Amino acid sequence: MATSIAGEGHPSLNGIISEHETKKLTDLPTELLEHILCFSVLKHVDICNVSCCCKRLHDVCHGRGKVWGHQYKLRWPRLQRFYRQNECCDWLKEYKTRHRVGIQIRRTVESISKRFFTEVVLGDSFAEIESLGMPEHFCEDELLFILNSDKRKSLTLKYYAKKILYFLRQQNILRRLKTFLEQPVKQQSALEGAVLVDQYCNPLADVTLDGISAQLDEITEKVKKMLRIKNASHPSLRITQGDCFVVEDFELQRQVVCALNSVLYEQLQYKGNEFDYYNPLNSYIHQVLLRHTGIPISLSVLYMTLAQKLGVQLEPVNFPNHFLLRWCQKPRGSEDIYDFVYIDAFGKGKQLTAKECEFLIGHQVTADYYSAISTMEVLLRMVGNLLNIGKRGEGNEKSYQLLRDSLDLYLTINPDNVQYLLLQARLYFHLGIWPEKVLDILQHIQALDPSQHGAVGYLVQHTLEHIQHKKHPVAPEVKRRSASEHLEVQYSVGLIMKHKRSGYNCVIYGWDPKCTMSQEWITTMRVHQLSNGANQPFYNVLVQDGTCRYAAQENLEPHSAPLEIGHPEVGRYFSEYADTHYVANEELQTRYPEDMDETLGTVQELYHRLAPGSGDQDQDAVTDQNNHQAMSM
């Protein structure tokens, strides 16, 4: 590092050799050295090497200096939002910590596939991520780094990284929900609560309270514009963001409500979703704003928040089967149900009397049902809707996830509800996850309601059996194509296929030499009508539409133009998409050890031989694939 600026033997400007003008790089001002060491071509290894050269450069590259700050920001730009501008920080320490977290997270994610490949729903695996005790934002940043890497590669790593990110974000949202519920009742905003519910059920979506509020502010400005046409001196026009102004005059309130209805239902075309009422998207506030449709409670939260921004106070009403808002018509407030106008946000803001409300549900109700409720009760009703949708589901992973999420939310808000505690214990038991947590839930139920001892005892016994069973895992079944009973199996895992009759595209992730489904399934699916019936190979396939199916060999054929299969479970079985087929991950190869060679041979024969003059290249590709598989195994 003793590079000279004007070295020995070099003439100075006046032609005289000047020994004292010889300068080294280290003689440069600190600011200039920092500028040089911040060039983007230099990586952290280079900075480490430079700082070891001499004390001068070691001091320039000190931990709190500009050089390591630049390195940190260059490598992990997403983390900059966690630091204040010009914040004095030990960047070298931060860099080392983030680097170690990245290594640990990647090791953990890589290990999960081997240990939980057979699990339909992951549960226990996430606890170890939390137990690592690492900064949460570092963990999330590494997981996002994995997810944003090469789209076609590291599919298994991405599959589990996504699930872990889902879990970590949910844990963070639950903590924020608990903090929200600890606030004084009057400070709890129904909108903020609805956003937390939305975030918990959609933790990978970009949903923030600021983002939702900004969209509502835009609608508010549209209402003000409409209001200005009707009454240019209306006091609501002077309300700025954050004001707690309340319009007292009823005529002025009526003008706000009319303008709000005009903008929301006529100009923006919001409406109740009558045709797809039980779609969970109707309950998520960001989807309501995106799709301009929802159910009574989500539209009511939206309507009530907009009215409040314009100075009109509306209250939520937990009316049976149809959530409503009430608008008091008395100057000093009242609890007489006939002193209120009831607003149906689902019905385009229609205003109803107490008697007309009963026509919505077809029967009379007591006065209690017309009372205003708290934000916590609004959230319980909202989550209860999601819970019912989850229970109505088809028993697939998506409906189970919704049921788990809504139970988590409900029991966070109301932790002593025995009915839902028991449902949560049964759900975890059915999915085979968190057996130790199931025992804790059952103990809590027994303490709350001893009369549940029968159901509790049954679940305790079988949960203990499950724990013992997990201590002695069964070795995976291995299927070799060369076995005599498998000689009729034509296709192999990783091949992209097309169903001859239904026309769907899919990828094979498993097979059986004969149909292994029950006689009831065989009858229902009319397998006997196939030319070879159930006595032929059947294949487990991931279908483009997100379903998993069991298809007969005679109904499948290799796809003429292979394409990626957009199925959420692809990463569970495959590590890479290789243009013409999927590469099985280590766990799938363990179960089908001879299939990958078969797949490569089939791909070579079907696709590569058709390309003129590409023989040598194709052979090289197959050789590379074989080498890759050998290294993986």
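These legends go with several close-up views of a predicted model.

**View 1**
Which residues make the nonpolar surface patch of about 350 Å²? They are Leu32, Ile36, Phe39 and Val41. To find your way around, look for helix H1, which spans residues 30–37 and holds Ile36. Ile36 has a relative accessibility of 30%, so it counts as partly exposed.

**View 1. An open sheet of five strands.**
Here you can trace the strands across the sheet in the order S10-S9-S8-S7-S11, with antiparallel pairing. Which strands stand at the edges? They are S10 (548–552) and S11 (556–558), and each has a single partner strand, so one side of each is left without a neighbour in the sheet. Going from one strand to the next, the twist averages 50 degrees.

Now zoom in on one pair from this sheet. Strand S8 (residues 505–512) and strand S9 (residues 538–543) run antiparallel and are joined by six bridges. If you want a landmark, find Cys506, which sits opposite Val543 in S9. While you look along the strands, keep a general rule in mind: side chains in a regular strand alternate between the two faces of the sheet.

**View 2. A hairpin made by S12 and S13.**
Strand S12 (residues 574–577) pairs with strand S13 (residues 582–584) over three bridges, in the antiparallel sense. Phe574 stands opposite Ala584 in S13. How many residues lie between the two strands of the hairpin? There are four, and Asp579 in the turn has a positive phi of about 70 degrees.

**View 3. Two loop residues with a positive phi.**
First, some background: most residues other than glycine have a negative phi. His292 has a positive value, near 60 degrees, and is a residue other than glycine. You'll find His292 in the loop between helix H12 (285–291) and strand S2 (293–294). His292 is partly exposed, with a relative accessible area of 25%.

Lys348 also has a positive phi near 60 degrees. Its loop runs between strand S5 (340–344) and strand S6 (350–352). Is Lys348 buried or exposed? Lys348 is exposed, at a relative accessible area of 53%.

**View 4. A cysteine without a disulfide.**
A quick reminder: a disulfide is a covalent bond between the sulfur atoms of two cysteines. How many disulfides does a search of the whole structure find? The search finds zero. Take Cys88: its closest cysteine sulfur is in Cys89, 7.7 Å away, which is too far for a bond. Cys88 is exposed, with a relative accessible area of 60%. Elsewhere, Cys258 is partly exposed, with a relative accessible area of 38%.

Across the whole structure, a search finds 21 salt bridges. One of them brings together the side chains of Glu140 and Arg169, at 2.8 Å from N to O. The pair links distant parts of the chain, with Glu140 in helix H7 (residues 136–147) and Arg169 in helix H8 (residues 155–181), 29 residues apart. Are these two residues buried or exposed? Both Glu140 and Arg169 are buried.

**View 5. A salt bridge between two loops.**
Next up are Glu594 and Arg480, whose side chains meet in a salt bridge at 3.9 Å from N to O. These partners are 114 residues apart and link distant parts of the chain. Glu594 is in the loop between helix H22 (586–591) and helix H23 (595–606), while Arg480 is in the loop between helix H19 (453–470) and strand S7 (496–499). Glu594 is partly exposed, at a relative accessible area of 24%. Arg480 is partly exposed too, at 42%.

In the salt bridge between Arg572 and Glu569, the closest N and O atoms are 3.7 Å apart. Arg572 is buried, with a relative accessible area of 11%, and Glu569 is buried as well, at 9%. To finish, which residues are linked in a network of salt bridges? The network links Arg78, Arg98, Arg106, Asp141 and Glu142.

Technical notes
Residues numbered from 1 in each chain as written. Predicted model: local features only at pLDDT ≥ 70, side-chain atom pairs only at ≥ 80, totals over all residues. Heavy atoms only, no water. Patch = residues over 30% accessible without salt bridge, like charges linked within 9 Å, V, L, I, M, F, W, Y side chains within 5 Å. Areas by Shrake-Rupley, 256 points an atom, 1.4 Å probe, with all protein chains shown as cover. Salt bridge = Lys/Arg side-chain N within 4 Å of Asp/Glu carboxyl O. Buried < 20%, exposed > 50% of the residue type's maximum accessible area, 1.4 Å probe, protein only. Pairing = 2+ DSSP bridges. Axes fitted to C-alpha atoms, helices over the stretch in contact; angles between N-to-C directions. Disulfide = S-S within 2.5 Å.
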